[in-house]
Amino acid sequence: MMTDKKYYMVGNWKMNQDTETIKQFFKVLYDQQQSFNCHGWIAPQFIHIPLCQELSQKYHQDKILIGAQNCSDQVSGAFTGEISPTALRDLGVSFVIVGHSERRHIYMETHKQLNQKLHTALKSDLKVIFCVGETLEQREANKTQAVIAEQLSLGLKQLTNQQLSQVLIAYEPVWAIGTGKTAGPEQAQEVHSFIRGFLSESWGGAAQEIPLLYGGSVKPENVVDLLNSQDINGALVGGASLDGQSFRELCRLAAS
Ligand code: PGA
């Protein structure tokens, strides 16, 4: 059982939003004046990070943490176009998402690369949301657990207990991302319980404290049933996190 009972509501904005929609988003959250009794985190595009930090500070006393969707597996050097995790930390960024299925499948990021990113990000003092998840073909071939086990064992390789405490795992079945199809609470809980067990085997009791988030077409209509599952400690939300009203509602439901 986790000692931190607050749920995590993490918005992954992907390659969306602009200055105006972001200002509107934070204003809507603020207008409702609700107390955020959940961990509200937002990952905008890199270039929007300072604006989000400024608005989070202005309206929410920094209670909405701002993170990144990706980072380099290197700290510095001749890597044109890459973003260093230390540069992110320098900017006051709190967390980074590593291993999102769009990075794995569109940009062909490998287990080795993701493991390297994880270590570099942790050494740079960032928390890491490490994503795992199976494709529809893998699920239908009964390979879900094998796929998740491989993603975890190679992706989290050589992580110390201390480092693990800075990691959150997001289970995002690839077939549920942006498709409107959500894993049912039981389907999701089954995988989350498998992940918890897998982490316990390698890291013992420390695994109980690792927040496990579910992601894939989460919205206000389905979030409560998901969060009521024993091993689901929050959600990683794409589409439904873009609108201030909808994100506010997700946070309200997570806090209630
Ligand atoms: P979705 O995206 O909520 O739009 O399905 C989730 C994610 O990719 O993190």
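I began with strand S2 and its link to strand S3 (residues 65-68): the two run parallel and are joined by 2 bridges. Strands here are DSSP runs of E with at least two residues, and helices are runs of H or I with at least four residues, both numbered from the N terminus. Two strands count as paired if DSSP finds at least two bridges between them. I looked up Trp-41 and found Leu-65 as its bridge partner in S3.

Notes on the source. The model is predicted, so I kept in mind that local features need pLDDT of at least 70, side-chain atom pairs count only at pLDDT 80 or more, and totals for chains, interfaces and linings use all residues. Residues are numbered from 1 along each chain as its sequence is written, and side-chain values use heavy atoms, with hydrogens and water left out.

Next I turned to strand S1 (residues 8-12), which pairs with S2 in the parallel sense over 5 bridges. Tyr-8 stands opposite His-39, and Met-9 has Gly-40 as its bridge partner.

Is S2 (residues 39-43) mostly covered or mostly open? I found it mostly covered, with 5 of its 5 residues buried. Buried means under 20% relative accessible area, exposed over 50%, and partly exposed in between (1.4 Å probe, protein chains only). In a regular strand the side chains alternate between the two faces of the sheet. On one side of S2 I noted His-39, Trp-41 and Ala-43, and on the other Gly-40 and Ile-42, all buried.

Last, I followed the strands around: S1-S2-S3-S4-S5-S6-S7-S8 form a closed barrel of 8 strands with parallel pairing.
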